[in-house]
Amino acid sequence: RWKGRTRPMRIIGPPGTEALGKDIAEKVFPGVMSGASYDLEWQEARPGSPLLLNGLELEPHLMTHDEGLEMCLGYGIRVGSRRIGYTGDTILCDSVLDLARTSEILVSECASRDGRIPVHMNLLDDMPVVRAAMKPDAQLILTHISPDVDTNGMKNTQVAKDFQTYSFPHVVRM
């Protein structure tokens, strides 16, 4: 808002995202939701209902995370013939493995090296299972990480770094 944005912004999330987003925004920055110089569009995503957005197909996947939240989603993204997966915050569940099997690039949460946090995956127990479900040349990018997370020697795996740009021109197409 304060940086001069004029292009519309679309926020996509599970049911309840709009109310939660507005509530947090108003509590943190009172008045931020009024007087913007751009349109803000909220769109609900639900598993089993793909969305078409500016040339990409977004397929919501139900993830298992915090029971206090109405719904947590990961996403399969298709741009042309390219497929990318994003787990969001989750434990290892069938939807994570579905994304792993079908993604050329999977961006996966990995909150700790070996800690067993009830609502997150870890490097030593969960990531080998995820990596094994992926095609050998598919890329795995670990996010939502603690400082002790590394690749643990897994092939085609990277630990995301803030503000880093990634390019994957030679990734095998599925």
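Modeller: β4 and β5 pair in the antiparallel sense over 8 bridges. Strands pair if DSSP finds at least two bridges between them. The model is predicted: local features need pLDDT of at least 70, side-chain atom pairs count only at pLDDT 80 or more, and totals for chains, interfaces and linings use all residues. Residues are numbered from 1 along each chain as its sequence is written, and side-chain values use heavy atoms, with hydrogens and water left out.

Biologist: Which residue is the bridge partner of E59 in β5?

Modeller: G76 is the partner of E59. Strands are DSSP runs of E, at least two residues; helices are runs of H or I, at least four; both are numbered from the N terminus.

Biologist: Which residue in β4 stands opposite L52?

Modeller: E57 does. Strand β3 (residues 51-53) pairs with β4 in the antiparallel sense, over 3 bridges. The two form a hairpin with 2 residues between them. N54 in that turn has a positive phi of about 45°.

Biologist: Where is G68 found?

Modeller: G68 sits in the loop between β4 (56-63) and β5 (72-79).

Biologist: Is G68 buried or exposed?

Modeller: Buried means under 20% relative accessible area, exposed over 50%, partly exposed in between (1.4 Å probe, protein chains only). G68 has 69%, so G68 is exposed.

Biologist: And where does V28 lie?

Modeller: V28 lies in helix α1 (residues 17-28). V28 counts as exposed because its relative accessibility is 51%.
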